[in-house]
Amino acid sequence: METIMVCVTKQKTCQRLINYGKNLMTSPDDSLHIIHVAGADYNFLGDSEENRALEYLYEKAREAGAELTVLKSDDVVGTLCTLVEQNEITKVVAGAANETDVASGFMYRLRMRLSGKAELVVVPLE
């Protein structure tokens, strides 16, 4: 049984990540979790564009048969790793990033923290 967590931002291009995660499911017992982590001081409710983006993510998660979790934290990698442990996640799906300093970038830090806990699946940029 796979428990797949898809890490998304508020961009509509995240639909491809949700689709990718859904395609990794091979059994009716598999589950899909869509996660968005925003900065702790970020105000979702004060911006109508942000509200539309969250509604879009919610709708796409629902269409995929997944739960959408939106959290606030300044430690995105730590928060994602905590969710992996709490939800017994087996695969983490994330979009490739344009990082110039690969050795200290987000994906590198996430990969290191997930080592031995869950497989990180990086979806290439289109």
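**Exercise 1. Which residue forms a salt bridge with Glu85, and how far apart are the closest N and O atoms?**

*Solution.* The model is predicted; local features require pLDDT of at least 70, side-chain atom pairs count only at pLDDT 80 or more, and totals for chains, interfaces and linings use all residues. Residues are numbered from 1 along each chain as its sequence is written, and side-chain values use heavy atoms, with hydrogens and water left out.

Step 1. The criterion for a salt bridge is a side-chain nitrogen of Lys or Arg within 4 Å of a carboxyl oxygen of Asp or Glu.

Step 2. Glu85 pairs with Lys117, the closest N and O atoms being 3.1 Å apart. This pair links distant parts of the chain: Glu85 belongs to helix H3 and Lys117 to the loop between H4 and strand S5 (119-123), 32 residues apart.

Step 3. Lys117 is partly exposed, with a relative accessible area of 40%. Here buried means under 20% relative accessible area, exposed means over 50%, and partly exposed lies in between (1.4 Å probe, protein chains only).

**Exercise 2. Describe the pairs Glu2–Lys91 and Lys60–Glu63, and state where each partner lies.**

*Solution.* Step 1. Side chains of opposite charge can pair when their charged atoms come close. The total under the rule is four salt bridges.

Step 1. Glu2 and Lys91 meet through their side chains at 3.8 Å, N to O. Because Glu2 lies in the segment before S1 and Lys91 in strand S4, the pair ties together parts that are 89 residues apart in sequence. Glu2 is partly exposed at 22% relative accessibility, whereas Lys91 is buried at 15%.

Step 2. The side chains of Lys60 and Glu63 form a salt bridge at 3.3 Å, N to O. Both residues belong to helix H2 (residues 48-63), where they are three residues apart, about one turn of the helix. Lys60 is buried, with a relative accessible area of 18%, and Glu63 is partly exposed at 49%.

Step 3. Leaving aside neighbours within four places in sequence, Gln15 is in contact (heavy atoms within 4.5 Å) with Tyr56 and Lys60. Gln15 itself is buried at 18%.

**Exercise 3. Characterise the largest pocket by its volume and its lining.**

*Solution.* Step 1. Rolling a probe the size of a water molecule over the atoms shows where empty space is left. On a 1 Å grid over the protein atoms alone, where a 1.4 Å probe fits, a pocket is an open set of points with protein on both sides within 12 Å along at least five of seven lines; lining residues have an atom within 4 Å of a point.

Step 1. The largest pocket holds about 390 Å³ of space. Of its 21 lining residues, Cys7, Val8, Thr9, Leu17 and Gly95 lie nearest the centre.

Step 2. Helix H1 (15-23), S2, H3, S4 and H4 each supply at least two lining residues, and the largest share, three residues, comes from S2.

Step 3. The lining has 14 nonpolar, five polar and two charged residues. In this classification, Ala, Val, Leu, Ile, Met, Phe, Trp, Tyr, Cys and Pro count as nonpolar, Asp, Glu, Lys and Arg as charged, and the others, Gly among them, as polar.

Notes. Points joined across faces, edges and corners; volume = space filled by probe spheres on them. Helix = DSSP H or I, 4+ residues; strand = E, 2+ residues; numbered from the N terminus.
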